[in-house]
Amino acid sequence: MDFILDIGTWISLLIGSFFLLITGFGLLRFPDLYTRIHAGGMADTLATAIICFGLALQSGFTLISVKLLFIVIFVFLTSPTATYALAQAAFVAGLKPKLDGFGGPAKTTSTNARDD
Amino acid sequence: MEEFTDIFLMLLLVAGSLAVLYVRNLFVATMLLSAVSFLMALLFVTLDAVDVAFTEAAVGAGISTVLYLGTLALVGSNERPTAKLSVIPLLLSLSIGGALVYATFEMPTIGSPDTPVQTSNVTKRFVEVSPIEIGIPNMVTSVLASYRGFDTFGETTVVFTAAIGVLLILSQKHIRRREDDEEDSTPRPAVSVEKSHDQVGSPHDLIPHVVSKILIPFIFLFAFYVQFHGDFGPGGGFQAGVIMAAGFILYSLIFGLHITKQILPLRVVELFLAFGVLLYGGVGIVSMIKGGNFLDYNVLSADPIAGQHIGILLVELGVGITVTAAMLAIFYGFAGRAQGRGKDVN
Amino acid sequence: MFFDHFNYWIVVILMMIGLYTLMSRSNLVKKMIGLSLFQISVFLLYISMGKIEGGTAPIVSNAPDVLYSNPLPHVLILTAIVVGVATTALGLALIVRINEAFGSVDEEEILNSEDSL
Amino acid sequence: MTIFTITAFAILVSVAMALARAILGPTAYDRILAANAIGTKTVLLIAVFGFMNGRPDFLDLALVYSLMNFIGTIAVLKYFKFGTLRGGLSDSSDRNL
């Protein structure tokens with residue numbers, strides 16, 4: 001039984017790490033803010049859920065796994081909200097998405113959104 | 001293996017601090033400082049200081065970011081570029097740093113068990129005797145509230161005084177030094193206010209509203225948990241106070257300062273500010289009346305350990321109330337200051 | 001061993017960055033940020049000293065033969081962090097007032113306007 | 001080399017990449033996003049560190065981190081949208097004051 005749980009932890013932590021690395025690459029390599037938000041907001045949340053699931057397998061039904069559940073719920077609520085508010089604020093401020101190949105001009109920054 | 005994570009973290013820390021030094025936009029510097037603070041708290045976790053990491057996360061990454069933003073909203077976020085490389089400060093800090101690095105070679109190895117810090121009798125007492133003598137598993141709490149109760153009383157008073165100072169400085173009416181200085185030379189915040197007016201009341205803010213409404217009760221519940229669970233795990237009055245204040249600050253950010261002030265007027269905050277310190281001092285006075293020394297909790301009950309529990313509970317409660325009120329008072333001061341510059345707000 | 005004193009060097013480097021920011025930048029808010037960096041380096045110094053190899057956080061655990069890190073530096077720094085943010089707030093409040101009185105938060109500009117009066 | 005160490009390194013590498021994005025910018029929103037991402041990864045790293053050291057009962061810390069991360073992000077966005085921390089996020093009733 002322990003062996004199966006260990007295997008489960010290995011698999012879920014490895015998948016979670018994979019998603020985290022994808023997040024990092026996405027943050028670095030995507031062309032503009034709106035695509036980067038997908039990396040920073042969505043992949044992160046998924047990785048949190050998967051890794052916490054893997055850790056909960058190790059702790060069993062204790063207070064620890066309840067706390068892990070709370071963390072997942074909390075991140076699940078706040079991280080998308082924060083990135084949503086970010087995207088909305090950026091859009092309102094006039095930051096245009098990069099639309100290569102879709103007819104729109106490839107304009108990434110407006111005058112007042114750039115900070116330096 | 002674990003030390004490599006430490007080293008990696010410390011290198012990230014240095015990179016972040018250098019970036020803080022070089023960016024010209026103060027807003028960006030604040031963001032980077034908050035990231036540096038997160039990394040520092042992480043480093044505290046790896047160095048076994050969970051209580052400190054708790055505090056640093058709540059204070060450094062949360063409250064102080066909000067405070068810097070409150071300041072930048074009032075003074076503008078552009079730093080005037082300095083024309084020349086400052087040679088004398090560079091030489092001075094390099095020479096001081098060089099001397100200190102030279103001195104570190106005489107320092108004991110990190111983590112070795114035979115350093116004076118680890119072998120001192122005080123440490124032995126705290127680590128070996130305190131769980132029996134005080135009866136509390138978290139040694140940090142027992143040292144903080146019982147052995148070093150005087151010191152913590154002093155720190156609480158400093159927080160109290162600082163909050164009073166901020167209120168005194170920022171509650172004054174706006175005075176210009178020169179009457180002829182008509183136009184406001186302060187740089188505006190990054191987004192012009194007129195722009196945001198078009199979007200005021202947009203239904204897209206519904207999501208942060210609803211999510212915060214769901215979260216805020218749990219934040220308060222969590223603050224109480226941290227306050228009263230501080231004897232058994234990381235936590236205590238300082239952390240709980242900051243979390244409690246953070247709940248109110250979130251409420252204020254989402255629903256507006258004036259509504260928060262209707263719920264918790266500044267007058268009430270000031271009362272709580274004083275009440276916490278008085279509660280702390282009162283425990284000391286009661287223990288003197290009962291025949292012990294100032295802040296000697298043993299006499300508070302027939303059983304010394306029960307007495308210690310009562311004393312620590314009350315003292316931590318006093319700290320928590322003062323810290324909550326102090327952080328809120330400081331936030332009110334900064335966030336409410338914009339009233340002095342009416343034309344900039346609307 | 002090369003890494004025996006690594007924490008101390010990082011502390012010194014952070015302290016130098018903070019000190020240099022404090023001395024070379026004329027913007028007062030930036031000076032406060034430099035002061036915060038300086039503060040953080042001191043925190044790290046204390047906490048590094050309390051660490052013990054193979055130790056664990058100073059909260060009693062049921063496992064046998066546990067080695068606890070020193071709780072005293074943790075207590076000192078815990079209170080120092082909260083006091084630090086309170087004093088930072090005081091400094092920032094003074095900066096806000098200076099900005100209202102002089103219309104600038106730049107040290108040199110303020111000194112120049114003092115001279116011209 | 002346990003699975004926890006591997007995960008910790010993966011998280012650290014992605015923190016480094018997020019820090020690079022925070023330093024590179026180019027817009028302020030990118031930096032906010034990067035700082036927020038660093039916060040989320042920190043939460044995970046604390047959870048993993050707890051299991052790595054065999055004392056996983058410090059998960060309260062991770063909760064505080066995610067909470068502060070959220071508040072910090074909301075504060076920054078509010079500063080950016082309105083230039084002040086005073087009014088509500090979506091109403092303009094502070095004009096009445």
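For chain D as a whole the mean pLDDT is 79, with 84% of its residues reaching 70 or more. The complex receives from the predictor an ipTM of 0.87 and a pTM of 0.86. Because the model is predicted, local features need pLDDT of at least 70 and side-chain atom pairs count only at pLDDT 80 or more, whereas totals for chains, interfaces and linings use all residues. Residues are numbered from 1 along each chain as its sequence is written, chains are lettered from A in the order in which they are written, and side-chain values use heavy atoms, with hydrogens and water left out.

Between chain C and chain B, the contact (heavy atoms within 4.5 Å) takes 82 residues from chain C and 104 residues from chain B. The buried area, that is, the accessible area (1.4 Å probe) lost on putting the two parts together and summed over both, is about 8,700 Å², of which carbon and sulfur atoms give 72%. In chain C, the residues that lose the most area to chain B are Tyr20(C), Leu78(C) and Glu100(C), together 8% of what that side buries.

Across this interface one salt bridge is found, a side-chain nitrogen of Lys or Arg lying within 4 Å of a carboxyl oxygen of Asp or Glu; Asp48(B) pairs with Lys51(C), and their closest N and O atoms are 3.1 Å apart.

Definitions and conventions
pLDDT is the predictor's confidence in each residue, from 0 to 100.
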